[in-house]
Amino acid sequence: MATGDVFSGLNDEQRRAVEKVRGPVCILAGAGTGKTTTITHRIANQVLTGAFDPGAILAVTFTDKAAGEMRERLAGLGVPGARARTFHSAALAQLRHLSVEPPGQILASKVVAVRQLANSLPKPYRFRSAADLATEIEWARNRRLTPASYLDGLGDHEPPIPEDLMQRIFRGYEEGKRERGLIDFEDLLELAIRMYETDEDALNIFMARYQAFTVDEYQDVNLLQQSLLDLWLSGRDDVCVVGDDYQSIYSFTGASARYLIEMPQRFVRTTVVKLEENHRSTPEILAFANKLVPNLGGTDKVLRSTKPPAEAVRTQRFFDTEREHDAIVERVRELHAAGLPYNEMAVLYRANFRSEDFEEVFTSAGIPFLVRGGAFLARRGAQQVLKALRRPESTEVAAEVLSAAQRAGYVEEPPDGVGEAELTRQKDLARLVRIAESFDDGTRTVAELVDDLRARFGEEATAVGVNLLTYHRAKGLEFDAVFLPRLEEGELPFKRSRTDEAIAEERRLLYVGLTRARDHLWLSWTTGGRSQPSRFLEELGLVFGATPVEKSKSSPVVQELDPGDRPVFEELKKWRLRRSQQDSVPAYVVFHDSVLADIARRKPTKIRELAVIPGVGATKLERYGPELISVLTGDASEEPNLSLP
């Protein structure tokens with residue numbers, strides 16, 4: 001390839017970046033602006049101009065898929081010798097070639113090891129998702145925290161279980177690895193860092209081999225990765241980073257966009273290039289997404305489209321989710337009838353459990369769909385129940401499924417504060433219980449239920465179709481049509497997002513969702529019941545006077561109680577705590593706050609009066625009824641009457 005061909009098809013912004021073959025370069029690449037094209041053409045130009053040999057260039061990114069795509073593009077540009085790897089694969093290769101000790105066997109997944117440790121937790125915490133605990137360990141490791149420094153390094157961060165218990169899990173995990181001679185992916189980076197810090201020969205060999213570096217998705221770098229990159233550079237500045245702080249959405253892994261934003265301060269000769277010419281989305285979609293820009297902070301980028309004008313962004317308010325779902329089904333059918341393939345459409349949601357809504361809606365409507373990264377039957381909750389069903393021939397379907405779900409730790413109302421993975425698991429358990437109840441007709445068996453579930457939600461039913469995926473999984477993808485439903489407080493921003501930083505990241509998630517769409521974009525929300533429009537809708541000019549839901553230190557159900565009922569509620573909570581400790585179960589398994597609040601309002605004095613309160617039920621009435629009446633009346637003489645009409 002001739003040098004001039006490297007610039008073919010590039011716009012002025014991209015050309016400026018490609019021309020700069022030496023020194024520090026910071027490319028601020030907005031969504032859909034051709035960042036991969038830009039950095040691969042720049043690497044090719046580094047080789048074709050003679051600035052560097054291809055073998056002296058190392059490009060790093062975050063996924064094997066992205067690294068593979070980069071290698072293919074570089075080969076097509078005539079520079080097959082340039083290395084493109086993930087941080088972890090690069091570290092592993094360096095350890096194998098330069099370390100005096102082999103790196104050890106890599107642990108495939110933290111979750112299994114953490115699950116075993118979690119089984120030793122006090123009973124109220126045994127059912128917390130192992131995935132949440134594993135993510136917390138990754139959060140700590142990516143900040144270079146150890147079990148000894150974990151508590152001091154928490155700051156405002158809230159772990160998924162009490163701090164001391166999380167430290168215990170962290171310590172047990174690290175000790176278990178050492179005893180078995182295993183390492184994990186974070187260890188790969190730490191071992192490489194340690195090698196270069198202690199072995200001058202290894203560092204010199206590496207520096208002689210690699211002289212230029214390119215880092216993709218730099219807004220997703222964490223302290224551990226940045227520490228390794230600093231050692232790779234060792235005072236040199238032939239580094240190009242590319243990223244978009246508007247798409248920084250992985251703080252739960254320890255990622256921080258500050259390394260991208262502060263690049264010009266770290267390297268005084270940094271050339272900053274902004275890519276703002278978007279080749280993906282229509283002008284209407286970008287004008288809409290750009291409304292969020294004033295509140296995104298960071299570096300100033302305003303995307304402009306290269307595509308001709310098209311249809312307006314569709315926005316609509318509904319009174320309930322049923323009408324919202326019906327309207328989305330109608331629009332999907334309309335687009336498909338106009339020639340748009342189902343697999344060019346996507347529905348995005350904040351948490352995995354929301355796939356349930358659209359799996360059922362699209363199944364009923366006969367619309368094919370594909371759940372990306374976590375189909376219902378493949379998720380942990382469904383897997384636990386299906387494996388625990390003991391009597392496939394039984395016709396007591398609802399009872400069998402409920403029993404299996406309860407053995408898996410199912411509670412009717414998960415408390416606030418559980419991690420996203422655990423919330424998804426609980427929602428999936430509840431979904432199976434509901435499906436079993438509707439399936440149970442007294443004649444069909446548990447085995448028939450399992451067959452029905454696999455037919456409705458198995459892989460054969462979801463091989464291709466409308467994409468169902470979370471905002472996080474949508475990053476890096478694009479579709480002709482994108483639907484963003486349920487834009488409400490508690491959904492987006494997610495209900496666990498309480499700090500300013502967390503809210504800012506939720507806003508960036510919405511920005512990522514908006515910029516996935518090429519030609520058609522749909523936003524919708526409901527206002528029925530307690531639903532409130534997302535505060536972000538006001539920033540988009542769709543609603544006015546939207547106010548964020550203020551978080552109170554006291555429970556919402558307490559705030560709704562009359563002052564005279566609150567002392568009763570507090571007494572009931574004291575009883576619940578004693579009973580939960582006696583039974584070795586979480587307090588919310590006994591009764592949720594909302595049920596205790598209802599009891600405090602009604603103040604029943606008889607079992608029959610307690611029986612009609614929602615959330616009590618026959619089982620809990622038998623187990624707790626007399627004690628509750630005793631707490632409320634101070635009289636232990638009331639006997640349970642379980643033959644109530």
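Leaving aside neighbours within four places in sequence, Glu276 is in contact with Glu13, Thr33, Asp300, Lys301, Val302, Leu303 and Arg304, where contact means heavy atoms within 4.5 Å. This is a predicted model, in which local features need pLDDT of at least 70 and side-chain atom pairs count only at pLDDT 80 or more, while totals for chains, interfaces and linings use all residues. Residues are numbered from 1 along each chain as its sequence is written, and side-chain values use heavy atoms, with hydrogens and water left out.

Glu276 lies in the loop between strand S8 and strand S9 (277-278); helices (H or I, at least four residues) and strands (E, at least two) are DSSP runs, numbered from the N terminus. Glu276 has a relative accessible area of 15% and is therefore buried, a term that means under 20% relative accessible area, with exposed over 50% and partly exposed in between (1.4 Å probe, protein chains only). One of the residues that Glu276 touches is Val302; the two are 26 residues apart along the chain, and their C-alpha atoms are separated by 6.2 Å.

Six strands, in the order S3-S2-S6-S7-S1-S8, form an open sheet with parallel pairing; two strands pair if DSSP finds at least two bridges between them. Strand S3 (83-86) and strand S8 (271-275) each have a single partner strand and stand at the edges, so one side of each is left without a neighbour in the sheet. From one strand to the next, the twist averages 15 degrees. Within the sheet, strand S1 (residues 25-29) pairs with strand S7 (residues 239-243) in the parallel sense over four bridges, and Ile27 stands opposite Val242 in S7. Helix H3 (residues 64-76) packs on the sheet, where H3 touches strand S2 (57-61) and S3, and the direction of H3 makes about 175 degrees with that of S3. Such angles run from 0 to 180 degrees between N-to-C directions, and axes are lines fitted to C-alpha atoms, for helices over the stretch in contact.

Ala59 has Ala84 in S3 as its bridge partner.

The axes of helix H4 (residues 87-98) and helix H8 (residues 185-198) come within 9 Å and cross at roughly 50 degrees. H4 is therefore oblique to H8; angles under 35 degrees count as roughly parallel, over 145 as roughly antiparallel, 65 to 115 as roughly perpendicular and the rest as oblique. Residues in this contact include Phe87 and Leu98 of H4 and Phe185 and Tyr196 of H8. By class, the contact has 12 nonpolar, two polar and no charged residues. Here Ala, Val, Leu, Ile, Met, Phe, Trp, Tyr, Cys and Pro count as nonpolar, Asp, Glu, Lys and Arg as charged, and the others, Gly among them, as polar.

H8 also meets helix H10 (residues 223-233): their axes come within 10 Å and cross at roughly 30 degrees. H8 and H10 are therefore roughly parallel to each other. Among the residues in contact are Glu186 and Tyr196 of H8 and Leu224 and Trp232 of H10. This contact divides into eight nonpolar, two polar and three charged residues.
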